[in-house]
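I opened this notebook to record what I looked up, entry by entry.

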Amino acid sequence: MSGSAAASGARSAADRLRSKDSSPAIGTVCFDPATLKKRLTPLQHHITQDKATERAFSGRFNKHREPGIYRCIVCRQDLFSSATKYDSGSGWPSFYDVIDPRRVTLKADLSHVGGNILLLVANPGMERTEVSCARCGAHLGHLFKDGPKPTGNRYCVNSESLDFRRDDSIDVLDRVEFAKGSCGELSGSCGAPPRPSPRATAPSAAISRVVEKYNSLGGAGSNGSGVSAIVNGQSATNGSRRQSDGVAHETNGKT
């Protein structure tokens, strides 16, 4: 079967699944923290509740090829289908679509770079979108825009965030032609492949865009309202800033 035919067949299977079960879970659910900690394994709890990331290629569902539904490990809501699961080469289970987009919550995530916004200028692919279960809020993974057709999405999900229910009526994608994504730009974290900055873009303009994005997400600067200024490609506060162990400190010298 060709890559395009496989993708088309898988897409049809996903559409059939949606038509059979298209309504999202009603309302949200909350679990007693103590009970949840007993029910989940330490790693499952750390990932779903503390937004941690399992080691690449260590998850039980990374190479999983059975037909069925992948569910939230916390509330058992159906999230992903084997019809849209593919091998991205990243080391984490990857899906190019969800059963229903209303069943997941998407949120911009810059937590892995802290206040070091200049790191985003040099590595634009480090900007991530967090994916969580819309029903219980459990952390699942991240969404990137380097997946295969027809969506172009890659839901990079932790195996420890998922449970599996076998269903032989659902297809398994046997082959997809796509440009492989990658993860792990930071140790133990998932990221998009690095992309070189366009030559035509001036560094100061690129930095300004990142600063604007950072401030819109509530990044704190020297005056508590975001990064205060950019001067000649460097951040300016009451003094210059230096980086030590990922934490910004004020100094009277230069960065």
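Which residue stands opposite V157 in β8? I found G141 in that place. I note at the outset that the model is predicted.

**Entry 1. The sheet**

I traced an open sheet of six strands, in the order β3-β4-β8-β7-β6-β5, with antiparallel pairing. I then looked at its edges: β3 (85-86) and β5 (104-109) each have a single partner strand, so one side of each is left without a neighbour in the sheet.

I went through the pairings in turn. β7 and β8 are antiparallel and share four bridges. Strand β4 (residues 94-95) pairs with β8 over two bridges, again in the antiparallel sense, and I recorded Y155 in β8 as the bridge partner of F95. Six bridges join β5 and β6, also antiparallel; here T105 has S132 in β6 as its bridge partner.

I next looked up the largest nonpolar core, which has 22 residues; F80, Y155 and L162 have the most contacts inside it. At least two residues of this core come from each of β1 (68-72), β2 (78-81), β6 (128-133), β7, β8 (154-157) and β9 (162-166). For Y155 I listed the contacts beyond four places in sequence: among them are F80, P93, F95, V131, H142 and L143.

**Entry 2. The aromatic rings**

How many aromatic pairs does the structure hold? I recorded six. One of them, F61 with Y70, is edge-to-face, at 5.4 Å centre to centre and 85° between the planes. F61 is buried, with a relative accessible area of 5%, and Y70 counts as buried at 0% relative accessibility.

**Entry 4**

In helix α3 (residues 42-50) I found Q44, H45, I47 and T48 buried. In general, an α-helix has 3.6 residues a turn, so residues three or four places apart point the same way. The cover over the buried residues of α3 includes α2 (33-39) and β7 (139-144).

Just after α3, K51 takes a positive phi of about 60°; K51 is found in the loop between α3 and β1. At 48% relative accessibility, K51 counts as partly exposed. What does K51 touch, not counting residues up to four places away in sequence? I listed H46, E130 and H139. The side chains of K51 and E130 are joined by a polar contact of 3.4 Å. Lastly, I noted 8.2 Å between the C-alpha atoms of K51 and A138, which are 87 residues apart along the chain.

Conventions
Residues numbered from 1 in each chain as written. Predicted model: local features only at pLDDT ≥ 70, side-chain atom pairs only at ≥ 80, totals over all residues. Heavy atoms only, no water. Buried < 20%, exposed > 50% of the residue type's maximum accessible area, 1.4 Å probe, protein only. Contact = heavy atoms within 4.5 Å. Core = buried A, V, L, I, M, F, W, Y, C linked by side-chain atoms within 4.5 Å. Pairing = 2+ DSSP bridges. Polar contact = N/O pair within 3.5 Å; in protein donor to acceptor, adjacent residues only side chain to side chain. Phe/Tyr/Trp six-rings, centres within 6.5 Å; stacked < 30°, edge-to-face > 60°.
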